[in-house]
Amino acid sequence: MNETRVEDIYARLKRRVVGFEIPPGDRLNEVALARDLDVSRTPLREALTRLERDGLIEIRARKGVFVVRRTLDEILEMIVAWAALESMAARLATDVASDADLRNLRKHALRHSESSAHADLSEYSDANIKFHQMILDMSGCALLADMADGLFVHMHAVRRRALEENDRASRSVVDHVGIIEALEARDADLAAQLVRQHTMRLHNHVRRVWSKFENRRESIAG
């Protein structure tokens, strides 16, 4: 099988799921997907298997393929876990990150702050999650970064959706600058605190705003 072809199908489907183009809970029609993507069923199924390993879809025997719908509690727990991992990464980075690493982090943040201001939220969302991954990589602890990778896909989806709400993109840019300054000052306590606060603000936003949608959906279903 052409791995490049499978990788392309996987990436395209992943973007749709992560970007909520295919809503959580929806059933995927393989025939329609193959026609829409102009691909055969064999590479499509391989791509779907990879998405299932990512935890984004669920393949149910004799029932079909469904986009996983995380409960609000599951999402909130993922955010807490990410906050713990990244705050420790920031603490470690103040000690081991090179000056060049920190300059690259600042350049990345400043370069993509423009897309936030111009409402190019798709581009900024990708840059935003990359910012947090860079901090994890700068920790010098490979296991820490690997553990965070297990949450990456889900956190990307959560952050992307949240950025569109209540002008959170602008708030995100401000927070990133503060985090960078703490890292550059090699202030471990402050860097860890700011990273943790930044992610827990996301947690509080999701708990406050998304619970309304959750309650509304339950009342409609009932």
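This is a guided tour of the structure above, one selection at a time.

The model is predicted, so local features need pLDDT of at least 70 and side-chain atom pairs count only at pLDDT 80 or more, while totals for chains, interfaces and linings use all residues. Residues are numbered from 1 along each chain as its sequence is written, and side-chain values use heavy atoms, with hydrogens and water left out.

**Whole chain.** Begin with a cartoon view, in which the chain shows 9 helices and 3 strands; helices (H or I, at least four residues) and strands (E, at least two) are DSSP runs, numbered from the N terminus. From that end the elements run α-β-α-α-β-β-α-α-α-α-α-α. Of the 222 residues, 45% count as buried, where buried means under 20% relative accessible area, exposed over 50%, and partly exposed in between (1.4 Å probe, protein chains only).

Select helix α1 (residues 3–18) and helix α2 (residues 30–37), whose axes come within 12 Å and cross at roughly 110 degrees. Axes here are lines fitted to C-alpha atoms, for helices over the stretch in contact, and angles run from 0 to 180 degrees between N-to-C directions. Show the side chains of R5, I9, R12, L13 and R16 on α1, and of L33, D36 and L37 on α2, as these residues make the contact, which requires heavy atoms within 4.5 Å.

**The sheet.** Next select the 3 strands, which form an open antiparallel sheet in the order β1-β3-β2; two strands pair if DSSP finds at least two bridges between them. Because β1 (27–28) and β2 (57–60) stand at the edges with a single partner strand each, one side of each is left without a neighbour in the sheet. Strand β3 (residues 64–67) pairs with β1 over 2 bridges, and F66 in β3 is the bridge partner of R27.

**The core.** Finally, select L13, L44, I135, L183 and V206, which touch the most other members of the largest nonpolar core, a set of 58 residues. A nonpolar core is a set of buried Ala, Val, Leu, Ile, Met, Phe, Trp, Tyr and Cys residues joined through side-chain atoms within 4.5 Å. Helix α4 (residues 72–96) gives this core its largest share, 10 residues. Centre the view on L183, which touches A90, A93, T94, L102, L105, I135, M138 and A191, not counting residues up to four places away in sequence.
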